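Take a look at the protein below.

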Amino acid sequence: PFDVLVVGGGPAGAAAAVYAARKGIRTGVVSERFGGQVLDTMAIENFISVPETEGPKMAAALEQHVRQYEVDIMDMQRAERLLPAGEDGLVGLELASGAALKAKTVVLSTGARWRTMDVPGEAEYRNRGVAYCPHCDGPLFKGKRVAVIGGGNSGVEAAIDLAGIVRHVTLLEFDGRLRADEVLQRKLRSLGNVEVVTSAQTTEVAGDGSRVTALVYTDRIGGDSHRLELDGVFVQIGLLPNTEWLRGTVELSPRGEVVTDGSGRTSLPGVFAAGDCTTVPYKQIVIAMGEGSRAALSAFDHLIRSSAP
Ligand code: FAD
């Protein structure tokens with residue numbers, strides 16, 4: 001069996017694998033797509049000590065770093081079932097391929113995915129005006145006009161955040177009213193360069209072939225279509241953790257995030273979690289790596305305290 005079996009090969013999983021392998025213990029990584037969300041990212045400007053890099057470059061570096069150690073990387077493998085430790089003290093992991101793995105400890109780091117609007121132009125202009133993370137991409141729109149889609153807490157927080165950087169923000173909400181906390185809505189209304197449009201259904205992200213130039217939405221009450229000329233669209237309609245396969249085995253929050261304590265422990269003994277799939281707030285690369293490292297150290301601590309040989 002593995003001493004530490006990491007599920008997920010994004011920043012959290014890579015960090016967990018490096019930290020575990022450096023203890024000289026048997027370490028494996030199962031990943032559907034090694035690199036994770038970083039593969040879908042263009043400019044990364046907030047990975048501290050690296051002023052600028054690109055997603056695919058960082059993903060390659062993650063893999064290279066893990067491969068410096070004796071880590072069994074099982075890429076393009078999807079985990080489908082986690083089996084809590086039985087009498088043998090080993091946690092089981094079943095893969096879509098039919099393979100069954102055993103481990104003394106498991107680190108869950110399957111990340112998350114942004115909910116998309118699924119309108120024409122959204123996928124085409126991703127990273128070319130369509131963005132999902134204000135902390136990551138906000139500064140790229142300095143002095144420009146943007147829209148934020150979604151009037152929940154994350155949308156309103158994004159609009160407030162962006163209003164301090166960009167020239168103008170239009171917040172579009174599908175519903176008749178915003179769902180964000182009242183204190184956030186009050187803050188939003190106090191800002192001079194933010195406009196709020198409710199009952200608005202986005203129908204298209206338009207561009208000139210290389211970048212976003214406009215957003216088209218329908219007024220759900222009047223039925224007429226409007227076009228906003230702008231440079232960026234921040235989609236804030238939810239971040240979905242990749243934890244559907246864990247339902248019923250490990251404790252999840254109402255949003256489906258794996259509930260962890262301050263050391264990365266989950267509700268199951270020997271099972272740890274890190275990164276975007278957990279309840280830890282602020283989904284960022286630097287945070288995922290820190291959490292992955294911590295989860296691996298917690299797993300190691302668990303190993304040296306457990307009686308299993
Ligand atoms: P992920 O990166 O999501 O990795 C999850 C891993 O788990 C992947 O390998 C995936 O294939 C695997 N996996 C999922 N389900 C299974 C399964 N069932 N079985 C096996 N493997 C599975 N953050 C920043 O700090 N700066 C930025 O500039 C930045 N820009 C971003 C731009 C975009 C477009 C996006 C989408 C995200 C951006 N982020 C940025 C956020 C950052 O990418 C994430 O916070 C970070 O990647 C989270 O790391 P993670 O390891 O927790 O999860």
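Two strands pair if DSSP finds at least two bridges between them. Strands themselves are DSSP runs (E, at least two residues), just as helices are (H or I, at least four), and both are numbered from the N terminus. This is a predicted model, where local features need pLDDT of at least 70 and side-chain atom pairs count only at pLDDT 80 or more, while totals for chains, interfaces and linings use all residues. Residues are numbered from 1 along each chain as its sequence is written, and side-chain values use heavy atoms, with hydrogens and water left out.

Start with the sheet. Three strands form an open, antiparallel sheet in the order β14-β15-β16. Its edge strands are β14 (200-207) and β16 (225-229), each pairing on one side only. From one strand to the next, the twist averages 25°. Angles here run from 0 to 180 degrees between N-to-C directions, with axes fitted to C-alpha atoms, for helices over the stretch in contact. Strand β15 (residues 212-219) is joined to β16 by five bridges. In one of these strands, β16, glutamate 229 is the bridge partner of alanine 214.

Now turn to the helices. The axes of α4 (residues 153-163) and α5 (residues 182-189) come within 10 Å and cross at roughly 30°.
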